[in-house]
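Visitor: I am new to this structure and would like to learn how to read it. Could we look at it together?

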Amino acid sequence: MNLSPDPSTPKNTVKTPVRRAASPPYLCSMITQDDIVYFVMTDRFVDGDTANNALIDKTLPKKRHGGDLAGIQSKFDYLEHLGVTALWITPVYLNIPGLKDQNTGDPVAIQPYHGYWPKDFERMDDHLYSPDGRYPTGDKRYLKDFVDACHARGLKVILDVVVNHTGYTDGQPIFDASWYKNDGDSDFSGLPKLDLGNSSVVDYFVNNLIDWIATSGIDGLRMDMAKSIGGYSHNGETPVHNPEFNKFWYFYKSIIKGRFPNLFIVGEVLATSSGDVDENATFQNQSDLNSIFDFPLRDAIKNVIVYDHSFREIARPRLSSQEPPGILDLDDPSNGGYYTNSNRLVTLLDNHDLSRRIISEIRTKFTGDDKKAFAFQLAKMLYAFLFTVRGIQQIYYGSELGLEGWKTDNDDSDLRRDFPWAMIDGGNEVAAASFPLEADLNRTIRQLIHFRKSNDALKYGVTITLWVDDLVYAFLRYFRSEVVIAVFNNGYADMPSPLLIPIGAAADKDKQPLPDRIIQLLRQTPLHDIDNPSDTYLVTNGVLSVSVRGKSYKILSY
């Protein structure tokens, strides 16, 4: 199938920066470690206003399905019951109409339902808002109305933004030709790449972002393809940078971060291995992003729990100084870590660009309907890890119900399926009992979210490895006098005997990971299993005894 931009699309006028008046002081709610982020692909969530449904075809995965901002607003009760506190929505720019199929003649065979093929960076896409005549067509104030509605319900908003490419143009550039740098970069999939070494391009996008931020009142930005905006790489141990492609970050740090110091800005840095941590952290530090997505941790815990890698990839036992560090060991500068603050990283299991949703990752290994219940058990284990480990957690819409999805042949539309509202008992805003596995996963994730939100040790506490071997990982997090201990058994069999975790004072205080007051607290005050509160655990004779079923976990707290 030969696809190309629709040649009938009128050419946009060249955009040039304009003089803006001084704006009043800007206040926003910073995204913090208290928050749980819910990522919504707006077009696939819910259709709240059928009046803006031009060229909608819900039967085809590559076309628009009608989801809009009104649809998100209609599901505030569901989001509130789930427990999320911040929404990340896909870009709202006016996008190109679509790509033409040269074989069938369909001028919009593939539509930019996702929002990442901008045509006009100054106006909203007509499919996303409900025009009521108060503002001109595509006015940014329609986004402000949505943000205001979110704020009224206690939800913060992160807006996805694009600064390094435009939608496909078929030789009809949106900007002046001198603004492009078409160098065959495969990261851009043929999308026109903007030249961010050009001061006029940088100036335009800095001011464009200021307009969206100041007009809408959003609380955060998600920078699409952040590393391709310009960043640092490494030649051995020597960091290497290209000044031509870092001009944007220089202006961004001075102007946007200076003007909006409380705005939370998270970058997409899609590098997934533990070997990428150094470069990812260097990029984050140099670009002054508040956070980046923690894809290396996601990759590590997926490999351990789904594909049976050793838990030593997560943390090292600390029996020898020669042990290679695990992914969480790199949080600590004394262990060779690089992050400014790993507790501010956005942690995740799913998003719209990975090869599979996490439940499909599990089902790829454990195939067949007879393995479905086990797959959902592993999903619960993965989410238990996600919500007890450090960071700011992000959920991809529908994953709380086990929604599946695969990327095939560079087609990622299956990763962006419509939200399965048929599974939801609307009166109670939970998965219906007729879907028992999905309902159990949904209930577990809600429990984990609410437990995390109520527990300062999980939001702010440091992470201390208590025990790690190939099959078992136990860690402790504490803040003030709150303590949480999480124990994960990655073996397929139940523990044949209780795990005896030593927790006591060391002869060498420098080698004692816990302060004396926490050790004393664990000796005097029983911990409770959050799933079975009548089960209590106390450190006795310097040992905590815990048993965990196969491929499962226990979370203990006061």
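Visitor: Is N280 buried or exposed?

Guide: Buried means under 20% relative accessible area, exposed over 50%, and partly exposed in between, with a 1.4 Å probe and protein chains only. N280 has a relative accessible area of 0%, so N280 is buried. This is a predicted model, where local features need pLDDT of at least 70, side-chain atom pairs count only at pLDDT 80 or more, and totals for chains, interfaces and linings use all residues. Residues are numbered from 1 along each chain as its sequence is written, and side-chain values use heavy atoms, leaving out hydrogens and water.

Visitor: Where is N280, and which residues does N280 touch?

Guide: Contact means heavy atoms within 4.5 Å. N280 sits in helix α7; helices (H or I, at least four residues) and strands (E, at least two) are DSSP runs, numbered from the N terminus. Leaving aside residues up to four places away in sequence, N280 touches K227, V269, A271, I292 and P296.

Visitor: Which residues of α6 are buried, and what do they pack against?

Guide: In α6, the buried residues are F248, W249, Y252, I256 and K257. The buried residues of α6 pack against several elements, including α4 (199–216), β8 (220–223) and α7 (277–287).

Visitor: Where does α6 bend?

Guide: A bend at a residue is the angle between axes fitted to the seven residues ending there and the seven starting there. For α6, the bend is about 35 degrees, at K253.
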